[in-house]
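Here are my notes on the model, point by point. Please read them with the structure open.

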Amino acid sequence: MTDLTAFARDKGVKYFMISFTDLFGGQRAKLVPAQAIADMQEDGAGFAGFATWLDMTPAHPDMLAVPDPDTVIQLPWKPEVAWVAANCVMEDKEVAQAPRNVLRALVAEAAKEGLRVKTGIEAEFFLLTPEGTEISDPADTAAKPCYDQQAVMRRYDVIAEICDYMLELGWGPYQNDHEDANGQFEMNWEFADALVTADRHSFFKFMVKSVAERHGLRATFMPKPIEGLTGNGCHAHISVWDTSGTTNAFAGDGGGQIGEVGLSEQGGYFLGGIMKHAEALAAITNPTVNSYKRINAPRTLSGATWAPNTVTWTGNNRTHMVRVPGPGRFELRLPDGAANPYLLQAVIIAAGLSGLRSKADPGPRHDIDMYAEGHMVTDAPKLPLNLLDAIRAMDADTELKAMLGAEFSTAYAKMKRQEWDSFVSHFSHWEREHTLDI
Ligand code: ADP
Ligand code: MG
Ligand code: MG
Ligand code: MG
Ligand code: MG
């Protein structure tokens, strides 16, 4: 286990940022001078839980964020500071609804069955002006801007700086591009154990926002930041391995339509779990009011939304909720940029394990262009149309809630319901426009 005091001495670190992620994906931290880190490594840093989104009251005792020292990262852009992910504890008990704890519990649950879930994510983002209202590059106006060579070079300083940092951190970054919306980018690094990917995802968002700010820009992972343009997805690629991490349990020929695309029987059941719980898990993979403007969008300026609206799976075809790009893994294209890095991984494992345990059938493979021919698929459920539908679907899914844990499920549903209520009580321009003269 890394000794943080020694780490500070060796690397010249002056401050540790003890960080945890709340239910809404908010990253909360305390800056602790290296001189004080020894005690904090033992006992954790104190927080008033009510002041964050964790469903606590002002009367709750102090919550302690105890650093997981093996996650420590010296900030490449500010080496005197080191970030460390923390686990939330209260009165010597793990806070059950804290997202990193929810994920750790599910990783342990999978391990009990001899399984190790490995994932890679594609966290798309926009680079906007500092006010967050416009694309920062006024020349980025192409109708089909994906892979735009000139536009990615105009943001080379930002993109290369972030990629250099990922190289330094040993994440195995392998490509960066301009994505399908004007102002949108994607940077890819190698998949890893679900908890490692969640920590990296969380750090990646912090890093992208920080580097963008240093260049006078604003980075956003908001699902649909600009009307009419493709939204920010956060696709997750998933495979399940044995505990040694050397044998891919998803690879193989599980027979039938599953076998044809190179998935094993276990892979088929795990996929079956994702399909079965899709409408409910959307409350986590697509957690904001704005999320539903991405998955139920009309066609965007570039010609496609690249986001699903129906619960279907297929082979190497990007128009469905699940794509099997090659043997031994599948891609869940549902999640968006607002997904909480820890809860995203947690809900994938929860749904997948539930599928494995119940030997869930993923249903038929649809090898059609879902955007053009989707109306022909009448036997597949539609994804929720808004956040309220998703919260209700999650609330109705007792199996998924049990997998995620009762404390978490109750707290999450309550907080999200409050958020929805706050949204609908907001008086909008639209309703005046459509109702004033009625
Ligand atoms: P695409 O845009 O084609 O969907 P990307 O190359 O952008 O794919 O991202 C693919 C992600 O999937 C990367 O994070 C990659 O490391 C990850 N990945 C590749 N193989 C596996 C696997 N077997 N299990 C989990 N993730 C994987
Ligand atoms: Mg105080
Ligand atoms: Mg990609
Ligand atoms: Mg993409
Ligand atoms: Mg993808």
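1. Two terms come up throughout. Helices (H or I, at least four residues) and strands (E, at least two) are DSSP runs, numbered from the N terminus. Two strands pair if DSSP finds at least two bridges between them.

2. Some ground rules. This is a predicted model: local features need pLDDT of at least 70, side-chain atom pairs count only at pLDDT 80 or more, and totals for chains, interfaces and linings use all residues. Residues are numbered from 1 along each chain as its sequence is written, chains are lettered from A and ligands numbered from 1 in the order in which they are written, and side-chain values use heavy atoms, with hydrogens and water left out.

3. The overall fold. The protein chain contains 16 helices and 17 strands. Its radius of gyration is 22 Å, which agrees with the value near 22 Å for a compact globule of 438 residues. That radius is taken over C-alpha atoms, and the globule rule is 2.2 Å times the number of residues to the power 0.38. The C-alpha trace spans about 65 × 50 × 50 Å along its principal axes.

4. Burial in the chain. Of the 438 residues, 57% are buried. Buried means under 20% relative accessible area, exposed over 50%, and partly exposed in between (1.4 Å probe, protein chains only).

5. Strand S6, residues 81-90. How many of its residues are buried? The count is 10 of 10. Both faces are covered. One side carries Val81, Trp83, Ala85, Asn87 and Val89. The other carries Ala82, Val84, Ala86, Cys88 and Met90.

6. Partners of S6. S1 (residues 15-21) runs parallel to S6 and is joined by five bridges; Ser19 stands opposite Ala85. S4 (residues 63-67) runs antiparallel, with four bridges; here Pro67 faces Ala86. S5 (residues 73-74) is also antiparallel to S6, over two bridges. Gln74 has Ala82 as its bridge partner.

7. The hairpins. S5 and S6 form one with six residues between them. S6 also pairs with S7 (residues 93-94), antiparallel, over two bridges, and Val89 stands opposite Glu94. Two residues lie between the strands in the S6 and S7 hairpin, where Glu91 takes a positive phi near 45°.

8. Arg417. This residue sits in helix H15 (residues 406-424). Arg417 is partly exposed, because its relative accessible area is 35%. Leaving out residues up to four places away in sequence, Arg417 touches Leu388, Ile391 and Arg392; contact means heavy atoms within 4.5 Å. Arg417 and Leu388 are 29 residues apart in sequence but 7.4 Å apart in space, C-alpha to C-alpha.
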